[in-house]
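Student: Hi! I have a structure open and I'd like to talk it through with you. Could we go piece by piece?

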Amino acid sequence: MSVARRLASTAVSAVVVLAIAGLSRLPWTDADRDGALVRLSWRLAGVAIEECRTLSPEELDALPAHMRRPEVCTGSTAAYALTVDVDGRRLLGDTVRGAGARRDRPLYVLYDVPVAPGAHDVRVGFEAILPPGVEPEDRPLSFGWADRVELESGQIALITLDDAGTRLLRAVGAAGGQGGLPGAGLR
Amino acid sequence: MSVAVRRLQDVGRAGLARCDRAANALYGWRYNPLYHSGALAVGCFIVLSVTGLYLLLFYRIGSPYESVAGITGQTWTGRWIRSLHRYVSDLAIVAVLIHAVRMAVQNRAWGPRSLAWISGIVLLGAFLVCGWTGYVMVWDVQAQLLAAEGARLFDLLPLFSEPIGRTFVGERAIPSAFFFLNLFAHIAIPVGILLILWIHVSRLARTYLMPPKRLFWGMVAAFTAASVVWPVGMDPEAELLRLPEAYSLDVFYNAWVPLSRDLPPALSWSFVAALLALALAVPWLTRAPASGATASYVNPRFCTGCEQCYHDCPYEAISMVRRDDGRDGFVGLVDPAKCVSCGICAGSCAPMGVGPPGRTGRDQLVGAREFLARATPSPDDIVVLGCENAAAGRVAEDMPGVHVLPVSCAGSLHTSVIELLIRAGVGGVVVATCPPRDCWNREGVSWLEERVYNEREAELKDRVDRRRLRIVYAAQAERDQLRAELDRFRAQVRALGRALGERGFDVGTACDPPPVSVAEEVGS
């Protein structure tokens with residue numbers, strides 16, 4: 001191999017290696033870096049709704065003997081209406097249903113609502129939608145949270161349920177470490 | 001194969017040929033990294049395993065970011081080892097993609113090779129997922145993005161009872177179990193990669209897994225130097241209650257994240273599904289027409305049971321079975337499900353009893369005789385036996401005194417054809433092949449050289465004047481190099497004087513038995 005070819009191959013190799021190293025750590029800035037978020041995240045067992053009906057003799061006869069029960073019930077979890085108003089403007093309105101194919105699992109709420117940095121009046125509403133005839137259980141059917149929120153660029157205001165599942169709160173804390181909230185608290 | 005796909009392959013092949021020519025000029029064909037892309041990926045895997053073991057010693061699932069920062073703070077070891085781990089993982093993706101493009105445009109992904117293609121797609125996917133877990137391990141802002149976006153996408157699939165996206169909302173500390181599972185996956189996936197690699201090469205004989213030592217160590221040295229001079233730093237730690245703003249993005253593994261973030265998960269999955277479907281359809285899109293590329297066939301009447309085709313087949317498509325025609329011994333049997341119709345067996349059979357239909361040694365001799373009658377080369381002329389995949393086919397038309405007789409692969413060329421041409425009185429014969437590592441049928445060039453110079457069956461007989469024969473490596477775009485070689489060879493041939501043709505000669509078709517036969521192996 002001639003000296004010129006050796007030099008050329010070394011130079012090309014160096015360029016390729018540096019290109020790979022450079023593309024491995026490409027400086028990237030997100031376009032929405034100036035934004036902030038109101039994040040809603042909670043889990044709620046919800047209001048269980050059970051619909052039962054009595055089987056007719058014909059229906060019972062059609063079933064195997066060991067499966068004959070006079071009454072069959074199907075359960076589901078009541079849907080909830082979720083609303084988020086920021087500075088009096090509705091930014092989110094949705095119906096949250098129970099998880100699972102039969103909608104009989106708990107409700108999981110996970111929404112990000114983008115807002116501009118600065119101070120905002122935020123109002124969150126979460127209310128059970130009960131079908132007519134369903135008796136309300138001994139548990140809260142309606143949740144609400146309203147406060148003035150001051151958000152820096154890139155900051156996330158996390159709204160969640162307290163541990164007892166009775167009221168909405170804003171989680172605050174120095175989110176660091178492995179993403180947890182050392183010294184995190186609820187307000 | 002549709003016209004559009006064929007055209008796309010032509011364009012890709014032309015581009016690849018130009019890259020090959022440039023790389024051959026720089027590194028020589030022996031060390032051309034483009035020819036060794038698959039083996040380079042395996043080499044990267046080995047480097048990743050070694051460097052990964054070192055990093056594992058210092059990684060702590062209870063404090064992922066701090067432990068990686070600690071590794072990065074080790075000026076003499078950890079810093080460059082971590083950087084090497086990262087850079088080489090990127091090279092692995094580049095190598096795998098080059099390898100895949102090479103196979104696709106060279107039409108080497110259909111039929112019996114489909115298994116290698118599909119397992120290759122799985123390998124690429126495994127590499128990408130392993131890279132994903134590796135980046136999450138660091139738990140910096142890039143990891144936060146990957147975790148959150150990955151969770152968002154997976155929450156669309158009915159896999160988990162609770163949305164995993166809630167893990168990363170900042171509501172509570174991320175449990176160590178998450179980092180343990182992530183670490184477990186990062187170690188377990190490479191074990192799976194080994195298994196898939198075994199499937200990937202399972203239909204190849206004499207698998208070539210490692211690049212040449214010089215290339216491998218050159219690659220390690222170059223990336224180690226880059227790791228020392230330009231080590232990877234630390235991005236800010238993940239903060240789940242802050243949006244990641246500026247971070248360093250690994251384009252090879254994580255370029256999809258900024259693209260996917262603004263799309264609904266269903267649309268992102270649709271892109272993934274479309275890309276995957278397209279990749280998996282390559283064997284079907286590039287398949288040969290039903291009339292072409294038929295499997296080899298052993299004519300039991302000619303087969304002496306010498307086993308040479310069995311040994312030479314690069315795809316283990318030939319087995320030796322007991323004869324059922326009343327003769328003793330074994331006979332070759334081709335498995336059409338494994339045969340890629342490369343024709344290398346045709347060049348291995350002295351009695352010319354095996355090969356794809358129309359391309360056996362006997363067929364080649366018929367073609368060579370017709371060629372002599374048609375082209376009537378003079379005793380000063382050169383006949384180029386040109387591999388269709390190499391440069392030869394496009395060279396001879398504008399060179400006076402040069403005639404081209406194309407062959408499907410230099411490895412399928414029967415040496416009797418060379419003998420016929422030289423003894424018939426042509427000035428010289430040039431076999432123009434691809435460089436050995438670029439042989440589309442893996443071992444064609446190696447076997448050709450063995451047959452011509454080292455008496456491998458079916459060997460070129462001693463009676464043939466080898467001064468009138470030259471094997472020239474010329475990749476598809478290396479026409480100038482081939483022309484220069486032809487000019488040099490013609491001058492040498494002229495110095496030998498005019499070739500004297502023979503009449504009424506016969507090319508031998510005897511076959512020597514191998515040192516250890518299948519019969520002896522079975523007997524023992």
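Tutor: Happy to! Strand 8 (residues 428-433) of chain B pairs with strand 9 of chain B in the parallel sense, over five bridges. Pairing needs at least two bridges found by DSSP, and strands (E, at least two residues) and helices (H or I, at least four) are DSSP runs numbered from the N terminus.

Student: And what kind of model is this?

Tutor: It is a predicted model, where local features need pLDDT of at least 70 and side-chain atom pairs count only at pLDDT 80 or more, while totals for chains, interfaces and linings use all residues. Residues are numbered from 1 along each chain as its sequence is written, with chains lettered from A and ligands numbered from 1 in the order in which they are written.

Student: Which residue stands opposite Val430(B)?

Tutor: That is Arg470(B), in strand 9 of chain B.

Student: What's the strand order in that open sheet?

Tutor: In chain B the four strands run 7-6-8-9, with parallel pairing. Strand 7 (402-407) and strand 9 (469-473) stand at the edges with a single partner strand each, so one side of each has no neighbour in the sheet. From one strand to the next, the twist averages 20 degrees.

Student: Which helix lies across those strands?

Tutor: Helix 17 (residues 479-495) of chain B lies across strands 6, 7, 8 and 9 of chain B, at about 160 degrees to strand 8. Such angles run from 0 to 180 degrees between N-to-C directions, with axes fitted to C-alpha atoms, for helices over the stretch in contact.

Student: New topic: how do helix 4 and helix 5 of chain B cross?

Tutor: The axes of helix 4 (residues 78-105) and helix 5 (residues 114-138) of chain B come within 11 Å and cross at roughly 160 degrees. These two helices of chain B are therefore roughly antiparallel, a label for angles over 145 degrees. Residues making the contact include Ile93(B) of helix 4 and Phe127(B) of helix 5. Contact here means C-beta atoms, placed from the backbone, within 7 Å.

Student: How many residues of chain A are in contact with chain B?

Tutor: 38 residues of chain A, in contact with 47 of chain B. On the chain A side, helix 1 gives the largest share, ten residues.

Student: And which way do strand 1 of chain A and strand 1 of chain B run, parallel or antiparallel?

Tutor: They run antiparallel, joined by four bridges. Trp28(A) stands opposite Tyr247(B) there.

How values were computed:
Two residues are in contact if their C-beta atoms, placed from the backbone, lie within 7 Å. Angles under 35 degrees count as roughly parallel, over 145 as roughly antiparallel, 65 to 115 as roughly perpendicular and the rest as oblique.
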